[in-house]
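Dear colleague,

I am handing over a structure that will be new to you, together with some notes on what was found in it. Please look at it first and then read on.

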Amino acid sequence: MTYQLRLVTAGLAICALGITAFAQQPPAGRAGAPGGRAGGTPPPPAGIPREPLGAGPWNYAVAEGVKFRLSVVTRGLQNPWDLEFLPDGNMLVTERPGRLRIVRNGVLDPAAVTGLPAIGAQRLGGLQDMALHPKFAENRLLYFTYSKTDGKGMIMSALGRGRLDLAASGGAALTNVQELAAAEPWWNGAGGAASRIVFDREGQLFWATGSTPDTRESQEPNSLRGKVMRLTEEGKPAPGNPFAGKTGYRPEIYSMGHRNQLGLTIHPVTGALWSAEHGPNGGDELNIILPGRNYGWPDVSLGRDYEGPWQGKFEKDGIERPIVYWMPSIAVSDLLFYTGDKFPQWRGNALVGSMRYGEIPNTGHLQRIVFNANGDEVRREMMLTDLRQRIRAVKQAPDGSIYLLTEEAQGALLKIEPQ
């Protein structure tokens, strides 16, 4: 059976089950569907009822003989987005509305870190990802992505940097804050506002941006939207970038054809860059990001347009295939390859956050994906489905335990450890 036929067969089987899929934020409905079909985008479904997140802890017995305990570290977070562990054992958390918080010894500091630039917290834009400089212990430099605002309802994805100063008596501030780069032009925040960053082993910074409803931007070589960029620590195009010196191409670009990337990480063994990307109505992906490659959006997708027809072709010459894909979508978020000792059965597995399954609200969870020696997916597992929480961040602590952030208006920091 051909690759294309396998995909079509899988899609038809899923459709027969009446399953629809989800991407982070669907566009507004249209009066009619493409190809003359009637009906347009159906209204969103009502979510599955859920109780507020309980006090915990919760004990789970899952595949591979693993038994773990999930506990609440702290509450009181509003739409938390990212988590970073500091050398002193404390943690930083970003909140999408535009606050940077510190968790000290498991207690959320009521005072936010001062010094952030103005944040355009509209739709799904706001304060998002963070990365510590590789020499953070020496220079205290914190990098962060955010939606800058023009004060008139328009935003722009931006990359910033500042020095984190922590007072011994409590309190913290970002100083010498700079905007290092921005993905012009301004837009109203609809579509892919997500923005992730990660340092590689050579100290270069990868920055992923999403596409807006003008989906062609992902394919435009003079646009920084829908791209992965490789930058120096000063936010300049990194030496050796694949399109450097090529007419019509921005020299920052490392790869193109992306929709909305919610996870970005360096594989701990291979050093390869991996991303977790939202599809439209289905077609979420895990990709290995290679220099100069095109990942297809909006022309190639394993998902459907929101009215129902397939978004585009399943494959095309010159377009990279995903390593893992979901149909229906799980609204992928953060991506982690586990390396710790707490759960030896999970070493080398990918842990992926899910914010919503099959377009149904209140169906977020955590997924575990197992690969063989050749890097092929061999099985996957859904966990924490009973809590019905949107999982935004998935992080491995220095001791090998796993921390999660729930992307909720009343969000929480959770911890996974052996029973």
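A residue is called buried when its relative accessible area is under 20%, exposed when it is over 50%, and partly exposed in between, using a 1.4 Å probe and the protein chains only. Helices (H or I, at least four residues) and strands (E, at least two) are DSSP runs, numbered from the N terminus. The model is a predicted one, in which local features need pLDDT of at least 70 and side-chain atom pairs count only at pLDDT 80 or more, while totals for chains, interfaces and linings use all residues. Residues are numbered from 1 along each chain as its sequence is written, and side-chain values use heavy atoms, with hydrogens and water left out.

I would begin with strand E24, where five of its five residues are buried. Both of its faces are covered, with Ile402, Leu404 and Thr406 buried on one side and Tyr403 and Leu405 buried on the other. Strands count as paired if DSSP finds at least two bridges between them. E24 pairs with E23 in the antiparallel sense over five bridges, and Ala393 stands opposite Leu405 of E24. The hairpin of E23 and E24 has five residues between the strands, and within that hairpin Gly400 takes a positive phi near 95°. E24 also pairs with E25, again antiparallel, over four bridges, with Tyr403 opposite Lys415 of E25, and the hairpin that joins E24 to E25 runs through four residues.

The next topic is the nonpolar cores, a core being a set of buried Ala, Val, Leu, Ile, Met, Phe, Trp, Tyr and Cys residues joined through side-chain atoms within 4.5 Å. The largest has 23 residues, of which Phe68, Leu70, Trp346, Leu384, Ile402, Leu404 and Ile416 touch the most other members. Two or more residues of this core come from each of the strands E1 (58-61), E2 (67-77), E23 (391-396), E24 (402-406) and E25 (411-418), and the largest share, three residues, is given by E25. If contact is taken as heavy atoms within 4.5 Å, and neighbours within four places in sequence are left aside, the residues in contact with Leu404 include Leu70, Leu384, Ala393 and Ile416. A second, separate core of 20 residues has Ile102, Leu116, Met130 and Met156 among its members.

A salt bridge here is a side-chain nitrogen of Lys or Arg within 4 Å of a carboxyl oxygen of Asp or Glu, and by this rule there are 27 of them. In the one between Glu381 and Arg368, the closest N and O atoms are 2.9 Å apart. Glu381 lies in strand E22 (residues 377-383) and Arg368 in strand E21 (residues 365-371), so this pair ties together parts that are 13 residues apart in sequence. Both of these residues, Glu381 and Arg368, are buried. Glu315 and Arg321 also form a salt bridge, at 2.6 Å from N to O; Glu315 is partly exposed at 21% relative accessible area, and Arg321 is partly exposed at 46%. Finally, Asp82, Asp129, Arg196, Asp334 and Lys395 are linked in a network of salt bridges.

With kind regards
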